[in-house]
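Here are my notes for a colleague new to this entry. Please keep the view open while reading.

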Amino acid sequence: MATETKKDTRTAQQAPTVTLTIDGQEVTVPKGTTVLEAALGMGIHVPTFCWHPKLKSVGACRMCYVEIEKMPKLAVSCATEAMDGMVVHTDSDLVKRGRKAVIEFILANHPLDCPTCDKGGECDLQDLTFKHGFDDSRYDFLKMRFTEGAVHTTFDDVRIGPEIILNRNRCILCYKCVRANKEAFGEYDLGAFERGNITEINAAPGREVSNPFSGNLVEICPVGALTNTDWRYKIRVWLTKQARSICPFTSSGTNTLLWKEDHQQKIFRCTSRRNDDIDDGWIADVTRYGWSYVMAEDRLQTPLVKKEGKQVPVSWEEAIDLVARRLTEIDDTKGNVCIGGLINPQLDNESLHAFNKFMRVTIGANNVDHRLDYPMLPAQGDTAYSILSSQPFSIADIDTSDVIVSFGSDMLKEHPNEYLRMRKAYMFRQAKVFTINPYAVKNADIASVDVVYAPGTDEIVVNAICLAAIEEKLVDAGRAAGLKDKIVPNSAAEAAETAGVELDDIKIIARSLADGKQVTFLVGELVARCAEREPIAAAIANLNRLFGLTDKGQVARLARYANSKGAEKLGLTPFPAPEVKAKLERIFGGWPENEALTTDKMLVQMNKEAINAGLVVGANPLLLYPDREFARECLERLDFLVVCDSFETETTAIADVVLPLASWAEYAGDYVNLEGRTQHAEAAIKPRFHSRPALEIIEQLARAMDKPLFESADERRREVAEVLAAQAVLPWPNDYFEVSFDNAAADSEYTIPVFVGDDPHHAGHLTEKSPSLSNFVSEAYVEMSIELAAKLDVKAGDSVRVESEAGKVIVPVKVSDYLDTDAVFLPRNFSSAQVNSLLMRKKRVNRVKITRVAD
Amino acid sequence: MSFYSPVITNAAEVAQSDDLHLFRYVEDPEQHNVDTYEKHGGYVAWKKVLTSMQPDEVIAEVKNSGLRGRGGAGFPTGMKWGFVPKDSPKARYLICNADESEPGTCKDRVIMERDPHAMIEGMAIGAYAIGSHLMFCYIRGEFGHCIDQVEAAMKQAYAKGHLGKNIYGSGYDLDMVVHTGGGAYICGEETALLNSLEGEKGLSRIRPPFPAVAGLYASPTIVNNVETLAAVPHIINRGADWYKTMGTEKSAGSKIFSLTGHVNRPGNYEVPLGFNLKTLIYDEKYGAGIPNGKKLKAVIPGGASTPYLKPDMIDVGLDYESLASVGSMLGSGAIIVLDEDTCIVWSIMKLIHFFRHESCGKCTPCREGTGWLEQLITRIEHGEGRPGDIEKIDDLCGNILGRTICPLGDAAVMPIQSTIKHWRDEWQYHIDHKKCPCANTHEFK
Amino acid sequence: MILTEESVKAIKEKVKLYPQRKSAILPALTIAYRQVGHLSDEIYQEISRATRIPYVEIAEAATFYTMFPKAPRGKYLIQVCHNISCALLGADSLIGYLEEKLGIKKGETTPDNLFTLISVECLGSCATAPMMQINNDFYENLTRAKVDEILEELKAKA
Ligand SMILES: Cc1cc2nc3c(=O)[nH]c(=O)nc-3n(C[C@H](O)[C@H](O)[C@H](O)COP(=O)(O)O)c2cc1C
Ligand code: SF4
Ligand code: FES
């Protein structure tokens, strides 16, 4: 497997161990291991309810009793540290009696409504009662009941969130849900109220449990107290099978299971498939619930071809023939450079590679890009930004870092999995976390210092940190030599002032970067999507050099989409890394000669009618490209536009040919996560309706053009493996970059900085089609601080007009207490409001004005 | 309504004694004033400690005195202080446990209302011994007047330079915070107290780690009872050897006993440990016997969590080991006396209701067990018991005892088990005859 | 706003006393309770805003502790201890006597909104039993005559 994952050597140091005996077998484990973990590690089953491998032990349920010689009482193994010489029995009579007693206590007030409980078949309580419990209950009183209203029924269901149903009668008070919510997710919408035997789990009074990780609560509930509407009462669990899949919406590639039924060819749910290297078993809601777009009934069913101005259904043969014919025609009459190709980096490796080969060999044009949402991409391959983007990164290394910086990244929204790792490092290892952003982000509560700088001063903040380190002599002089002359301004104080941040905060960060033993410095989408990203990347490269961060940790820009890293490594950019390009050149038997075009440049060429045909696979540039007007104008000028998608979109609407695309769940594929780790996703069901995987479409197209791409599937796989094996990491330069800065004045009329990104419950244009996710958020909104709402005299839910120089949208207001500046946030990817129409691709900071729409 | 609790004490007797000390000035209406407290020798120990003793010496003195915790568990105080790691870079905290909520116990309140500086001085000495610069007094929220008294005393202590920065020019800083509870007996249990003080719900924590190693805010923390701490200045002033002249070999010193229930003179009495229980109940100076000449039915010797004693067991010393030898415990020193007309099952019903209500709900056996027991016991007392109920109760008690996170589970079941052992016939009578056999004359006047 | 500016200020002062802000939950609830006489979701929200402690944590803590009524009650909250020491000296009949005198059942409030009667766990006045707490004050060694007197006095004051 080609992987650039770094293994941290620090943790592999000889840790002290202890040796103990469990059920007659001796075992040696690292000091600090619990008796339970030691036993589980040996394959000895010890039953538990409240223990969770990724949460702190609380020893509440008392199910995990073991007998330890020389200890007077039964010990709870989940909270007892293994000690040298311990002799442990996990199955003695005393232990069995203890467990039975616990089950009896739990069952006393449990409704035992298994026939109508959807957890049946995968309920820990059911399973453990079966294995360890009494066969009758000695409790002969009326069971305690929580009921809504006066109706006494075991169906005491309360909806506590868009997707969560709570049945308090079934709850066994293991507190896992509340603990996970607070400890692991940092969310405060669920609680355990009252006390003693009337303790109840519930949503915070008057609120909903709708945080971006809420689905995990359902998954870890050991009984049927928490279920989700996505799955409940649709099918019995034992009738389903599972496909081992991975998340197609986030770049971590969190591991999942798709629960499916073969006869009906239906998917029923998605759950986690714990992989400690990647996800700790937690998956974001977007991962858990996103799949349901696959089962949507409004998917594109057949190819469509525009005839007399109207798109009409046609057969695949007709569509493919038409596309092949038209592309050949344009190729013949106008030249191959007149065809451009954009592909969604959520697609699998083989599709990406086939597309690359199709564009660069079959068509013979260098017009390939997968970065549809990054405006003004550099027109060469060796920029600071390219270097930064190519850096290796390891998720697990976040765990062991003692200093973690997230820069220009709304982690919760864009990198939920890494966000959780950051939280974990803070919660469990007291790592210092710093968040540095142009608007206040939600994860800031774990930050020892949360810096919010003036939009558009990104590189100045980074320079401020460097300058502070030099001024305070935190780094040795030799290292610092030469930097001061290359950057602006002259002093940390001046830089802090320009960026509107506290100098003291900057100094604290500088000190931590200097003192940190293992530093993780993460750069996010706010940098990647910035129209002037090069100076920011250069400043970060300087910072890395000054503090020697990569020598003691990692500095990385986090790839955004499920296969962004794969697309980069497979060379689906105008400027692949040198080794990648060399590999491709060999495989392709040459390299197109035309100037390599980024997404922007392709659009410009379309506008000039220098590109006449476009092939868009799986993407919706009209909704995504950060300048809607411009994108529309360009695409509409094309003579011939082919769009492959699973749904009708703004972009398919203007296409000449629309080809129905199969979803990731309908074919097997490999994906490269942001660490460079290649992972396989199995197919869960066959492609629905008449959709086809991208790979199949591209191959058919090439064949129809008489230029088959591969001789065999084996050859295709070999090629992909070969390209992936190429070194894609670009070396840091040996000197500091110049970083200059000119402070553009704010527009007069439009004063409020606007940031456009993803809602935490959505990613890409497909999730809008997931009914479960739409239960959380189904339309665009403008998110603002309490103060700004007060200033604008609007409240949550009010309709407002958000207007920029480029365009306007009308959206409802969302007020968030963690925002504390005037900047506003709007989620893209909702067809309810095309928020990309507010953006202009060349503008570094887009600004808007907001007015209330009279009702 | 008087400001002080009108509770009877044996202050006069204590004042006559050379050794008894906790109650010496509790009938002096000005004792809560710092000037009066100082006049009576207050803050001398604190000054001595700060100006002439090393923390280790303080710990050694308290260790040698044989002082044991008066909050219930009776753990040797000096030894506990010694558990605080010497090399921890973290802050350390001393907490005075003034949550006094164990039914039958009303002794700490007297100290806080009438002699609050004794507690504060003891806290300060304890804080110094463990290297703490911030100490808390966790007072149950219902004790409005105690809270006022302690806060006022604290302000006076600050004003007089007994607390604050650079105390007595020693360079030692010490701050104090009065923290008030919200109505939860469990918050007297030290780990639940820590959670409560941290702003969590008062759920008990699993041990280890012990608070002395990782307590409040995961820092080394010592929790001591009010009475324990109030004894400390006297030990410093008069020495460990003096303290040991009182009490028995393993139970040194004196202790306050709250004598309640069916006695003629309910009250708080300070006596040396080892004092005879029967004397305390019947002597005219103390309980003065059972009202209306009634006979004794049972005694709960150490608060609602301790096993009952039968009348033939009360000729026993009030000290840790003697009470253990008759199958009970000294506990918090709350002696509850039940006369012959009182039903044992009725009294147990009162207790289990309390423990069910006060269970924090974290661990299964305590949460579910106390609820189940309350229902069973209530139905027996109401004449609705079923054959087998007593055996079931006994068995459930066994499934709780020693199986819970904190000792509340044990506290709930030990009294029950003791009464099933000693008064099984009375339990059985309820079931066989479907009624309570006792007069239960608990009318108030 | 339910909480007065004074209460909010007092709450913010409390936050400063502790090494970690969450510790101020109970003091904050106490201040709110003393001002309002009971607690509610809105109050938790206001405390949350004043202290920047998550709302749910405040609600969880508030419901855990039994000292704070969670709904409006009469001007005088009469809490009678019903635990063992008080019960032995007639707490149950004291409750009965109060029910009779006030014309309400335990858990109810008099129609004039003056008295709410409840029974509670041990209040640490065991040697001066039976007893009751009315708002912040303890009344001990109760007799019928004393109870009559106390109620008269309170009515007169109201
Ligand atoms: C359920 C329970 C309630 C307790 N309540 C109190 C209390 O109200 N006051 C107290 O001082 N100790 C109480 N304790 C004992 C404390 O946990 C702790 O042992 C004591 O405060 C230590 O102080 P000491 O060593 O001075 O006795 C309680 C223990 C338990 C298990
Ligand atoms: S709802 Fe489920 S996870 Fe939460 S405490 Fe109850 S049983 Fe445990
Ligand atoms: S798993 Fe150990 S107590 Fe619950």
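1. B:Arg109 and C:Glu140 form a salt bridge through their side chains, 2.7 Å from N to O. The term means a side-chain nitrogen of Lys or Arg within 4 Å of a carboxyl oxygen of Asp or Glu. Between chain B and chain C the count is four salt bridges.

2. A caution on sources: this is a predicted model, where local features need pLDDT of at least 70, side-chain atom pairs count only at pLDDT 80 or more, and totals for chains, interfaces and linings use all residues. Residues are numbered from 1 along each chain as its sequence is written, chains are lettered from A and ligands numbered from 1 in the order written, and side-chain values use heavy atoms, leaving out hydrogens and water.

3. Chain B brings 64 residues to the contact and chain C brings 52 (heavy atoms within 4.5 Å). By class, the chain B side has 28 nonpolar, 24 polar and 12 charged residues (Gly counts as polar).

4. Ligand 1 is surrounded by 18 residues (a heavy atom within 4 Å). B:Gly71, B:Asn97, B:Asn224, B:Asn225 and B:Thr228 are the closest. The shell has four nonpolar, eight polar and six charged residues.

5. Backbone atoms also face the ligand. A polar backbone atom of B:Arg70 is 3.2 Å from an oxygen atom of ligand 1. For B:Glu100 the distance from a polar backbone atom to an oxygen atom of ligand 1 is 3.4 Å.

Definitions and conventions. A polar contact is a pair of N or O atoms within 3.5 Å; within protein, one must be able to donate a hydrogen and the other to accept it, and residues adjacent in sequence count only if both atoms are side-chain atoms.
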